[in-house]
Amino acid sequence: MQLGWSQATWSHNEVWIFIIWAISSWFRRGPAPQDQAGPGGAPRVASRNLFPKDTLMNLHVYISEHEHFTDFNATSALFWEQQDLVYGDWTSGENSDGCYEHFAELDIPQSVQQNGSIYIHVYFTKSGFHPDPRQKALYRRLATVHMSRMINKYKRRRFQKTKNLLTGETEADPEMIKRAEDYGPVEVISHWHPNITINIVDDHTPWVKGSVPPPLDQYVKFDAVSGDYYPIIYFNDYWNLQKDYYPINESLASLPLRVSFCPLSLWRWQLYAAQSAKSPWNFLGDELYEQSDEEQDSVKVALLETNPYLLALTIIVSIVHSVFEFLAFKNDIQFWNSRQSLEGLSVRSVFFGVFQSFVVLLYILDNETNFVVQVSVFIGVLIDLWKITKVMDVRLDREHKVAGLLPRPTFQDKSTYVESSTKVYDDMAFRYLSWILFPLLGCYAVYSLLYLEHKGWYSWVLSMLYGFLLTFGFITMTPQLFINYKLKSVAHLPWRMLTYKALNTFIDDLFAFVIKMPVMYRIGCLRDDVVFFIYLYQRWIYRVDPTRVNEFGMSGEAPTAAAPVAEAPPAAGALSSAPSPTTTTEAAREEASTPPPSQAPQGPSSASEPQEAPPKPAEDKKRD
């Protein structure tokens, strides 16, 4: 994609940059106010642009292997020279937008072929002056503005030595294998992109030295003597996609280069400067916080190729997604922290979730994912381990220590889980699940071993388990559905957390169609939608039964007006006016055990209690 766009294309893309910049600036902390007083305590004087509006100027572009350029007499170094440009002109050029461009093939020096650097040096001079300081009659310091930049880009290329564990063969390029043996698994290679844009900012703001807000202060250069500032030159490669870079090697004889010159307004420059600023995670270093080419290009491709209305909706919904993610996390913690009874909840699913989290953590560590992802997954593992303490009685056995040093942890089911029918249904669900899960796991393991390449047996185990969980992970959600079916109740579920997660899944569906994602991720979003709709169906068919008597002998029905309060206890008076408390309670429980035809009972408590015995008082139940 070339950078010589029309003005309409510029406006279309920058609207979306503005939206992203506005959102990021909303959460970005503003810079601290700087002291505008001079050394003697007097206020600093506002400066002016050394190039006034409509200044006639010349553009000189040089290409060199050296970071500091001095060889102005070398004609081979001069790449482009454009005379009589007008500072602030937006109407000249081939497309009447103030833009010019020049294309040429560059001869590659041997040092650049061998992973060396190459620089572009840009000089703007007022008409009649020359950028060479050695030409005393034609050079003026205040009439020359200069900016340099390395135009090749160094990228890490990682090579993972994989092979088929059974045959020992690999499909990797033999040249890549040789380079990996010579340079190691990580090689830094120079890459090239054929397009770059030179922008000169049409700005005459009276900037005060020391008070320019970041990140703009990196580009505004003040003259040490006059105190005024030079025109701002900005190298714009924001729309250069990472996938369009290609490595520079000895097989290339020349490099194509298209240099475009365009004026740039102040607000557009602020957008680009903000987006080009380093991420707050960059304090970790490039080794720990390194994004893949796909991650860096995903937003830009969405801006370029997605329908504007759909993209605007996606940006709004992404903010909502973050809010729902936080609410789901908060309600999940609150639910398990305040949960006293495990009746109706699948404890085995919690342990299986811990297993899944450990597999994902070990997999990303084995594949050297960036540090931010590793931290987020590790936090998820800690939360899943904390849930175990809520579903099991965890104690430390100090008499039987591990290796004679560490106390041995012991796990015991909680009484509310063992004494109810939930444990029976949970064991039954996982027994049925194993009939499907283990054959599928065996088939996937054989497929992975026969047709895929791995670094070793450890990597094969991790990749096999990770791929299996990614493909068939939805099966592990079925035990809770089975328990709901057996208990004919969904009152025990954390509905707030499930609702927020379901909404996030629907949002992920939207992202899956807007941003390029793996097919398996899209299938994962769809399967989560299906499971949640099954939860909703169970919630609809297992409605609340107001006639059911709970463990305290209470029901949800309103007391009968004709029932004398003095003759019947409160628990039975809500259903009948019989003279005996025992007889009244038995009648109420018989009525509760036979639900109306149009409604199903809400929970298993009425079915699991004897029909003949009266309910225990509230104090006795709490004591038990």
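This note goes through a predicted model point by point, from the whole chain to single residues.

1. Basis. The model is predicted, so local features need pLDDT of at least 70 and side-chain atom pairs count only at pLDDT 80 or more, while totals for chains, interfaces and linings use all residues. Residues are numbered from 1 along each chain as its sequence is written, and side-chain values use heavy atoms, with hydrogens and water left out.

2. The chain as a whole. There are 18 helices and 13 strands in the chain. Helices (H or I, at least four residues) and strands (E, at least two) are DSSP runs, numbered from the N terminus. Of the 624 residues in the chain, 40% are buried. Here buried means under 20% relative accessible area, exposed means over 50%, and partly exposed lies in between (1.4 Å probe, protein chains only). Contact means heavy atoms within 4.5 Å. Of the contacts in the chain between residues at least 6 apart in sequence, 75% join residues at least 24 apart.

3. Helices α10 and α12. Two packed helices are described by the angle between their axes and the distance between the axes. Helix α10 covers residues 422-451 and helix α12 residues 478-487; their axes are 9 Å apart, at an angle of about 135 degrees. Axes are lines fitted to C-alpha atoms, for helices over the stretch in contact, and angles run from 0 to 180 degrees between N-to-C directions. The two helices are therefore oblique to each other. On this scale, angles under 35 degrees are roughly parallel, over 145 roughly antiparallel, 65 to 115 roughly perpendicular, and the rest oblique.

4. The residues between them. On the α10 side the contact is made by T422, Y425, D426, M428, A429, F430, Y432 and L433, and on the α12 side by T478, P479, F482, I483, K486 and L487. By class, the residues of this contact are 10 nonpolar, two polar and two charged. The classes are: nonpolar for Ala, Val, Leu, Ile, Met, Phe, Trp, Tyr, Cys and Pro; charged for Asp, Glu, Lys and Arg; polar for the others, Gly among them.

5. Burial of α12 and the residue after it. Helix α12 is mostly covered, with seven of its 10 residues buried. These are P479, Q480, L481, F482, I483, N484 and L487. K488 follows α12 and belongs to the loop between α12 and α13 (495-514). K488 has a positive phi of about 55 degrees although it is not a glycine, and its relative accessible area of 32% makes it partly exposed.

6. Helices α7 and α10. The axes of α7 (residues 347-366) and α10 come within 9 Å and cross at roughly 45 degrees. That makes α7 oblique to α10. In this contact V347, R348, S349 and F352 of α7 meet D426, D427, F430 and L437 of α10. The residues divide into four nonpolar, one polar and three charged.

7. S448 is in helix α10 and is buried at 1% relative accessibility. Leaving out residues up to four places away in sequence, S448 touches H454, W460 and M464. L452 is in the loop between α10 and α11 and is partly exposed, at 31%. The C-alpha atom of L452 is 6.4 Å from that of N164, although the two residues are 288 apart along the chain.

8. Aromatic rings. Rings of Phe, Tyr and Trp (its six-membered ring) pair if their centres lie within 6.5 Å; planes under 30 degrees apart are stacked, over 60 edge-to-face, and the rest tilted. By this rule there are 20 aromatic pairs. One of them is the edge-to-face pair W457 and W460, at 5.8 Å centre to centre and 90 degrees between the planes. W457 and W460 are three residues apart in helix α11 (residues 457-472), and so are separated by about one helical turn. W457 is partly exposed at 48%, whereas W460 is buried at 14%. Elsewhere, ring pairs link Y219, Y234, Y238, W239, W269 and Y272 into a cluster.

9. Backbone details to check. The peptide bond joining P214 and P215 is cis, with omega about 0 degrees. P215 lies in the loop between β8 (195-202) and β9 (233-236). N115, which is not a glycine, has a positive phi of about 75 degrees.
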